[in-house]
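My notebook for today is open. I want to look up a few spots in this structure and jot down what I find.

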Amino acid sequence: MDNRDYFWDNLKALLMVLVIFGHTVTSLREVKEITGLYYFIYTFHMPLFVFTSGFMAKTIMRDGKFRADRFFSTLWLYFFFCAGKFVIARILGQQIGLHLLDISGAPWYLLALSEWYLLVPLFLSLKPKTGMIFSVLTGLFAGYFGGVGTYLTLSRTLVFLPFFAFGLYLPKEKLYDFLDKAKKLRPLAFIFLSGISIYFIFFGDSFFRMRKLVFANRSYRYALEELAPYGFLFRGGLYLLAVILCLSVMLFIPHRKTWFSYVGKYSLSVYILHIFVRDIMKYTGAFHWIKELPKEFMWLVIPACIIAALLLGNPVFGRAMNWIANPVREWRNHKKDTFTI
C-alpha cells in the first residue's frame, strides 16, 4: 500500500523546476523580463525549499536519539557533489580548484542542510516560540557581521534558518488544516502571485538594488552599501514577502498523485544532475551558441527546465542517486528510498 504524501512530492517537483531555471538562466542571453522573473522566483523558492527540508527533518530524531546516518549521508553527498563538479570541469579543460569550505555554488544547500541537522536537537529542546524568535533574530542580524559569508556557507545557513525552524516546528496536522481552510483564499492568492510576478517581470529594475540581499550569501554592507545600517528592515520585509508567497504557492499544490510526482520523489537526483548537465553545456560552449539566437528564443528556457526536471527525476537516476547517498542502507533495505532534501 502506497503511504507516500504526494503533497510534498508535488511541491518539490515545482521547486526543482524553479531551481533549474535559476541555475540556467544566468548562463543565457540577458532578457529584462526573464531577469525580472528570475528575481521573483528567488524571493520565495529557496525559503520554501528550506521550509520543506525543515518539515522533513522531524525524522532525524528517533526515540530521542539523533540519527547520525542522515547527517553523514547529507555531508557525504555534499563532498560527492563538489567532487563531481570538479571532475567535470577538469575533464573539459577548466582550470578550477576544489573548494570545500568556501562555497557559494549549488552544493551549498547540502552543506547548509547538514548544519541545520546538527541544530535540530537544540531547536527541539526549546519551545517553538522561543526557537522561532531566536532563528528570526539570528537571520536578521547575521548580515551585520562581515565575517559571515560563503565560508561553510554560514551566511545562507543563518539567513534561511527561520524557514527551516518553522518547518521543523510546524505540525503536519496544523499545516494541512490551514491549507484546507484557506482554499477559499485561492483567488486572492492567484491575484497576489500574478501581481507580484508581473511587477518583477516588467518593473524589476526597482528591485535591482536589493538583488544581492535575496541570495543571502553576503553581509548587508556588500549587498546594500550605504543602506547597510537598515539591512534588518530590508531582510525583514523579504522574510514577510517570502512567507506570503510560500503560503500562496502551497495553496495550489495538489495532494494527490500526479504525473509529475515522481520528480519530487527523486528530487535529489534532479538537484545534483542538473548542475552536472549545466556545467557540461557551459564548458562545451553550448550556452554561447544559444545566446547567439534571437532573444525571443530565451523564453524556451521555461519549457526546457520542465523537460529537464522530468528527465533527470526518472526512477533510474533517482534510485542510483539514492544508492550513492547511502549504499549501506540501500543494500540492507532493497527497497525504494525516501531520501529528501
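I started with Glu225, which is partly exposed at a relative accessible area of 47%. The cut-offs I use are under 20% relative accessible area for buried, over 50% for exposed and partly exposed in between, with a 1.4 Å probe and protein chains only. Glu225 is found in the loop between helix 12 (220-224) and helix 13. Helices here are DSSP runs of H or I with at least four residues, numbered from the N terminus. The phi of Glu225 is near 55°, a positive value in a residue other than glycine. I noted that most residues other than glycine have a negative phi.

A reminder to myself: this is a predicted model, where local features need pLDDT of at least 70 and side-chain atom pairs count only at pLDDT 80 or more, while totals for chains, interfaces and linings use all residues. Residues are numbered from 1 along each chain as its sequence is written, and side-chain values use heavy atoms, with hydrogens and water left out.

Next I checked Thr153. Its phi is positive too, near 45°, and Thr153 is not a glycine. Thr153 sits in the loop between helix 6 and helix 7 (154-159). Buried or exposed? Thr153 counts as buried, at 1% relative accessibility.

Then I moved to helix 4 (residues 68-91). Helix 4 has 24 residues and reaches 34 Å from its first C-alpha to its last, close to the 34 Å expected at 1.5 Å a residue. That expected span is 1.5 Å times one less than the number of residues. Gly93 follows helix 4 and has a positive phi, near 85°.

In the loop between helix 4 and helix 5 (108-125) I found His99. His99 is exposed, with a relative accessible area of 53%. Which residues does His99 contact, leaving aside neighbours within four places in sequence? They are Tyr78 and Cys82, where contact means heavy atoms within 4.5 Å. His99 and Ala83 are 16 residues apart in sequence, and their C-alpha atoms are 9.2 Å apart in space.

Now for a helix pair. Helix 6 (residues 128-141) and helix 8 (residues 161-169) pack at an angle of about 165°, with their axes 8 Å apart. The axes are lines fitted to C-alpha atoms over the stretch in contact, and angles run from 0 to 180 degrees between N-to-C directions. Helix 6 and helix 8 are therefore roughly antiparallel, a label for angles over 145 degrees. From helix 6, the contact uses Pro128, Gly131, Met132, Ser135, Val136 and Thr138, and from helix 8 it uses Leu161, Pro162, Ala165, Phe166 and Tyr169. I sorted these contact residues into eight nonpolar, three polar and no charged. For that, Ala, Val, Leu, Ile, Met, Phe, Trp, Tyr, Cys and Pro count as nonpolar, Asp, Glu, Lys and Arg as charged, and the others, Gly among them, as polar.

Phe134 is also in helix 6. Phe134 counts as partly exposed, at 42% relative accessibility.

I looked at helix 2 (residues 32-42) as well. Eight of its 11 residues are buried, so helix 2 is largely enclosed by the rest of the structure. Among the buried ones are Ile34, Leu37 and Phe40. Their cover includes helix 1 (6-25), helix 3 (45-56) and helix 17 (301-312).

My last stop was Arg278, in helix 15 (residues 267-283). Arg278 counts as buried, at 14% relative accessibility. Not counting residues up to four places away in sequence, Arg278 touches His23, Ser27, Lys85 and Phe287.

Note on methods:
Helix = DSSP H or I, 4+ residues; strand = E, 2+ residues; numbered from the N terminus. Parallel < 35°, antiparallel > 145°, perpendicular 65-115°, else oblique.
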